[in-house]
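Visitor: I am new to this structure. Please show me how to read it, one feature at a time.

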Amino acid sequence: MYQIYPRSFSEGTLVGISSRLDYLQWLGVDALWLSPIFLSPMADGGYDVADYCAIDPQFGTLADFDALLSEVHARGMRLLLDWVPNHTSDQHPWFRESRRDRVNAKADWYVWRDQPTNNWLASFPRGEKAWAFDEQRGQYYLRCFLKEQPDLNWDNPEVVAAMLDTLRFWLDRGVDGFRMDVVHLLGKDLNLNDPPICEERVWGHVPYNDQPTTHQHLRTIRSLLDEYSALAVGEVYLLDEQAMTTYHGAGDELHLCFNFRFLWAPFEADELRSRIARTIEVLRDGGAWPTWVLSNHDVPRHRQRYGGDELHARMAAIMLLTLPGTPFLYQGEELGLVDAKIAPADMIDPGGRDGCRAPIPWNEVARQREHPNSILAFYQRLLRLRRATPALHAAGIDNDSFRLFDGSPGLLAWERSDGDAHWFTYINPSDEPQVCSAAMQGATIVVCTDEALEGTMVGAEMPAGVAWVAHNSGTM
Ligand code: GLC
């Protein structure tokens with residue numbers, strides 16, 4: 001799955017995206033997720049929606065969208081839209097009506113109170129109260145993000161029905177699914193207080209983020225999506241694998257959840273191994289399918305987080321594209337991009353996330369496409385290998401199909417099996433060679449960060465700063 005941030009992908013338009021589909025197909029992605037393209041004043045980059053059923057004119061028209069969708073489908077790819085159910089823009093007609101007085105038809109579509117009923121803080125600007133006073137109505141409304149992003153009241157069945165209609169609108173046009181923004185926030189217990197303000201209180205894991213009513217809403221949403229065989233991917237920002245996995249329900253809530261503890265892991269074998277092991281353990285118990293994400297439009301790019309060198313970015317690509325589950329690429333990571341340096345005066349995002357949202361350098365894409373040793377070519381080779389190899393794209397997470405090696409502490413290694421086919425990923429991000437135990441030896445290296453090792457056999461030692469994928473068709 002490949003995430004596109006439409007403003008900075010290609011000319012900032014849907015037509016621009018259409019013009020790059022050949023590239024995406026060449027790269028080898030199966031599906032695209034577009035960050036929001038709906039009508040928006042862009043106070044939060046489109047995550048403040050003023051009309052869920054209209055394309056923002058800066059991106060183009062509905063006809064451009066329909067053309068894009070059919071071109072995506074013609075290439076055998078799928079298209080997911082970003083749906084923002086927790087809040088609207090304050091310019092949405094629903095909110096304009098709701099704020100008018102206390103008796104209008106939409107008076108209860110948002111969360112209004114005479115006084116703040118808890119101590120919650122908003123995400124943007126960080127540290128402000130989550131309750132904003134509205135002069136017109138003379139009451140406070142809840143806004144977990146910007147004051148331009150009032151929270152919808154999902155306890156109101158009319159809101160649920162209206163939001164389901166927005167999904168239907170796009171499903172009827174043929175979209176294949178949705179990435180659902182901060183979906184763990186839908187149900188709220190307004191009587192809960194956050195813990196006292198402290199450094200660790202980053203947005204995303206405060207108590208109001210994980211309420212039982214959310215699951216009822218997700219089941220309702222899922223049953224609609226099931227009518228269309230559409231996919232539900234949730235941004236469940238809970239930083240806890242066990243809590244995250246409950247959002248799959250009994251196979252009747254989200255199909256996929258983003259795994260933010262994995263995203264935030266330092267690039268060290270032990271830490272990665274323990275977070276991967278934990279993820280697999282909880283998902284295996286729940287019968288769900290993992291996702292693996294390293295970068296998106298909200299966080300510094302992973303190459304940057306991992307120290308900036310291309311070698312670590314290549315090691316990360318091997319990890320991302322050979323773990324069992326669905327990998328997500330964020331536009332430009334296949335070029336090995338780091339964040340752009342943006343002067344404070346030029347920043348436009350209230351969350352300071354401009355650096356990872358800079359325009360895709362298409363001249364750099366062209367340059368890398370001509371070089372078989374570029375990181376782009378490396379991603380493409382990995383994606384081809386993955387697609388051609390059932391053990392890498394289809395084998396599951398049961399004990400027979402996936403085995404993490406304890407191995408030496410600095411070595412992250414696993415085996416994936418599909419019948420007699422066994423594939424091994426070894427990643428040694430450390431500065432020291434690592435020992436490969438007997439069970440890890442003998443396979444042939446197929447793709448490696450050091451191309452000179454491709455075609456050779458795994459021996460007793462794994463060199464420092466190397467990652468590879470190796471294959472053994474016999475039993476080990
Ligand atoms: C999600 C989006 C982020 C946005 C926030 C509020 O986390 O990914 O970009 O600012 O929700 O909608």
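What follows is a short talk about the domains, the sheets and the contact between the domains.

Guide: Keep in mind that this is a predicted model. Begin with the domains.

Visitor: Into which domains is the protein chain divided?

Guide: Domain 1 covers 2–88 + 155–393, and domain 2 covers 402–471. Their C-alpha centres lie 29 Å apart. The contact draws 28 residues from domain 1 and 30 residues from domain 2.

Visitor: How do strands of a sheet pair?

Guide: They pair through backbone hydrogen bonds, and the pairing is either parallel or antiparallel. Look at the open sheet of 8 strands. Its order is E11-E10-E9-E5-E2-E1-E13-E12, with parallel pairing. Strand E11 (256–257) and strand E12 (291–293) are the edge strands, and each pairs on one side only.

Visitor: Over how many bridges do E2 and E5 pair?

Guide: Strand E2 (residues 31–34) and strand E5 (residues 78–83) are joined over 4 bridges, in the parallel sense. Find leucine 34, which faces leucine 81 in E5. Then look for helix H7 (residues 212–227). H7 lies across E5, strand E9 (177–180) and strand E10 (231–234), at about 155° to E9.

Visitor: What is the strand order in the sheet of 5 strands?

Guide: That open sheet runs E14-E15-E16-E20-E18, and its pairing is antiparallel. Strand E14 (402–404) and strand E18 (444–448) each have a single partner strand, so one side of each has no neighbour in the sheet. From one strand to the next, the twist averages 20°.

Visitor: Which residue is the bridge partner of arginine 403?

Guide: Glutamate 415, in E15. E14 and strand E15 (residues 412–418) pair over 3 bridges in the antiparallel sense. H10 packs on this sheet, touching E14 and E15, and its direction makes about 145° with that of E14. H14 packs on the sheet too. H14 touches strand E16 (421–428), E18 and strand E20 (466–472), with its direction at about 135° to that of E18.

Visitor: How many salt bridges are found across the interface of domain 1 and domain 2?

Guide: The rule finds 2. As for polar contact, 10 residue pairs are found across this interface. Helices H10 (269–286), H12 (310–322), H14 (375–388) and H15 (390–393) each give two or more residues to the side of domain 1 that touches domain 2. The largest share of that side, 8 residues, is from H10.

Visitor: What area is buried between the two domains?

Guide: About 2,400 Å², with 69% given by carbon and sulfur atoms.

Notes:
Residues are numbered from 1 along each chain as its sequence is written. This is a predicted model: local features need pLDDT of at least 70, side-chain atom pairs count only at pLDDT 80 or more; totals for chains, interfaces and linings use all residues. Side-chain values use heavy atoms; hydrogens and water are left out. Two strands pair if DSSP finds at least two bridges between them. Contact means heavy atoms within 4.5 Å. Axes are lines fitted to C-alpha atoms, for helices over the stretch in contact, and angles run from 0 to 180 degrees between N-to-C directions. Domain bounds come from an automatic or database domain assignment. Buried area is the accessible area (1.4 Å probe) that two parts lose on being put together, summed over both. A salt bridge is a side-chain nitrogen of Lys or Arg within 4 Å of a carboxyl oxygen of Asp or Glu. A polar contact is a pair of N or O atoms within 3.5 Å; within protein, one must be able to donate a hydrogen and the other to accept it, and residues adjacent in sequence count only if both atoms are side-chain atoms.
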